[in-house]
Structures are given as C-alpha cells and as structure tokens.
Amino acid sequence: MTSHEIFKREITFLSETHFRLGIDLALRGREVEDSGISDYTTRGKSKQYAIGAIVSAANSMEASINQFFNYEVEDTSSLSPLDLSDAERDNIISWWNPNSRMPIVNKYQEALTRGGKDPFDTHANPYKDAELLNMLRNKVVHYKPNWIEIGGTEQIEQIYGVKFPVNKLFKDYPTYFPNRCLGFGCAKWALETTYNIVEEFYRRMGKCGHFSSFLEKEMVQL
C-alpha cells in the first residue's frame with residue numbers, strides 16, 4: 001500500500017427502512033379491510049399485509065438495537081448523542097456478541113443495565129408489548145397449523161384480544177388466530193409497539209429520538 005492510499009468505509013442502517021415498509025403494508029391492509037369486500041382473495045390479501053407489517057415491525061425493533069451495539073455505542077466523537085461514560089461504553093462493548101441469539105427485548109434490557117440506565121419494567125409497557133410482538137412474530141414466521149375446538153376462547157385471544165381490534169373481514173369467523181387476529185388493528189399495534197420501545201430506549205440513553213421526523217409524520221397516517 002502506498003502512502004497516498006486511503007481506506008474508505010460505509011455503514012448502512014435498515015431499522016427505519018423496515019419500519020417504513022411496515023407502515024406501507026399496514027396502510028395497504030387498511031384499504032383492503034375498508035373496501036368491505038369479503039371474498040376469499042380479498043381476505044387473504046388483508047392477512048398478507050398484516051403479516052408483512054408485523055414481521056417488518058419486529059425486524060425494525062431488532063435492527064434498531066443491533067444498530068445501537070454495532071455503531072452508536074462505539075461512536076465516541078463529540079457529536080455522539082448518547083449519555084454514556086467511557087466505562088459504560090466499554091461495559092456494553094465488552095459484553096456484546098454480534099452473533100448472539102438472545103431475544104430482542106433482552107438485548108434492550110442488557111444495554112440499559114450495562115449502560116448504567118434504568119432498565120424497563122418487565123411487567124409494563126413498552127417492554128411487555130415488545131415481548132408480545134416478538135412472540136407473535138415467531139408464531140407467524142414459524143406457524144404450525146392446529147385443530148381448534150370451536151366455541152371456546154383461544155389462549156392467544158386472551159393475550160392479544162385486548163390489545164387491538166380484529167380484522168373486520170374475519171369478524172364472523174369462529175377462530176381467532178390467524179384469522180380474526182391478523183389485520184390492520186394488529187399491524188398498527190405492532191408498529192406502535194416497536195416505535196414506543198425504541199424511542200423510550202434511546203431517551204433513556206440520552207438521545208432525543210432514534211427515528212427521523214419524516215417517519216414520525218408517516219406514523220400519523222396509521
């Protein structure tokens with residue numbers, strides 16, 4: 001290498017891209033539900049958009065905390081927005097393993113604890129809903145069909161039924177998951193859940209906000 005050669009580096013983030021995709025899919029799903037058309041194809045589309053929005057929301061939640069570990073916590077420049085001492089940064093960096101398969105919400109909790117900040121109350125929001133979002137994402141991605149007894153209340157409905165309204169196109173269906181559960185209401189809840197935990201996490205870390213003002217304007221559409 002000669003003396004005039006310069007190494008160039010680039011880093012790209014996807015947390016907001018995932019989130020904006022989720023908003024787009026959720027809004028498309030709302031259009032389908034509001035159409036009032038309830039044939040097989042239309043109902044299928046409404047579930048497709050909901051699944052996409054849920055997965056995108058969970059992806060954004062994970063990409064946001066990975067961005068924190070892989071980039072922001074190591075930014076020690078004077079422009080760093082994080083309220084972390086050198087010792088707190090070192091404590092986080094020395095613990096972080098990029099190949100960790102730790103649950104998403106646990107990553108947020110560990111970062112706060114090792115950064116000397118107040119951890120989330122695991123029995124309250126935004127932590128609790130974030131945990132439920134990750135569970136729902138896993139149920140959708142690793143879906144296993146099962147026979148369901150008609151007439152009773154499904155266990156999953158007891159958990160999520162109070163969180164968001166059902167898909168209007170499936171309101172008369174006897175089974176809750178995945179039919180009545182997966183719709184615009186669920187998609188909106190998923191996106192709001194991600195937004196809330198990410199914003200509160202960064203607030204505790206001393207940063208005013210993680211997502212851009214442009215995305216905040218898009219959130220209003222939900």
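**Surface patch, cysteines and salt bridges**

At a relative accessibility of 33%, tyrosine 71 counts as partly exposed. The structure described here is a predicted model. Tyrosine 71 is placed in the loop between helix H2 (40-70) and helix H3 (86-95). Together with Ile11 and Phe13, Tyr71 forms a nonpolar patch on the surface, and the accessible area of these residues together is about 260 Å².

Arginine 43 is a residue of helix H2. The relative accessible area of arginine 43 is 14%, so this residue is classed as buried. When neighbours within four places in sequence are left aside, arginine 43 is in contact with Ser38, Leu169, Phe170 and Tyr173. Between the C-alpha atoms of arginine 43 and valine 140 the separation is 17 Å, and the two residues are 97 residues apart along the chain.

Zero disulfides are present in the structure. For cysteine 181, the closest cysteine sulfur is that of cysteine 186, at 4.5 Å, which is too far for a bond. A disulfide would require the two sulfur atoms to be within 2.5 Å. Cysteine 181 has a relative accessibility of 0% and therefore counts as buried. Cysteine 186 is likewise buried, with a relative accessible area of 0%.

Across the whole structure, a search finds 14 salt bridges. One of them pairs lysine 107 with glutamate 62, with 3.6 Å between the closest N and O atoms. This pair links distant parts of the chain, as lysine 107 belongs to helix H4 (residues 104-114) and glutamate 62 to helix H2, 45 residues apart. Lysine 107 is buried because its relative accessible area is 2%, whereas glutamate 62, at 30%, is partly exposed.

Within helix H4, glutamate 110 and arginine 114 lie four residues apart, about one turn of the helix. Their side chains meet in a salt bridge with an N to O distance of 2.8 Å. Glutamate 110 counts as partly exposed at 25% relative accessibility, and arginine 114 counts as partly exposed at 27%.

A further salt bridge joins the side chains of glutamate 200 and arginine 203, at 2.7 Å from N to O. Both residues lie in helix H8 (residues 184-204), where they are three residues apart, about one turn of the helix. Glutamate 200 has a relative accessible area of 18% and is therefore buried.

Conventions: Residues are numbered from 1 along each chain as its sequence is written. This is a predicted model: local features need pLDDT of at least 70, side-chain atom pairs count only at pLDDT 80 or more; totals for chains, interfaces and linings use all residues. Side-chain values use heavy atoms; hydrogens and water are left out. Patches are made of residues with over 30% relative accessible area and no salt bridge: like charges are joined within 9 Å, nonpolar side chains (Val, Leu, Ile, Met, Phe, Trp, Tyr) within 5 Å. Accessible areas come from the Shrake-Rupley method with a 1.4 Å probe; for residues, only the protein chains shown count as cover. A salt bridge is a side-chain nitrogen of Lys or Arg within 4 Å of a carboxyl oxygen of Asp or Glu. Helices (H or I, at least four residues) and strands (E, at least two) are DSSP runs, numbered from the N terminus. Buried means under 20% relative accessible area, exposed over 50%, partly exposed in between (1.4 Å probe, protein chains only). Contact means heavy atoms within 4.5 Å.
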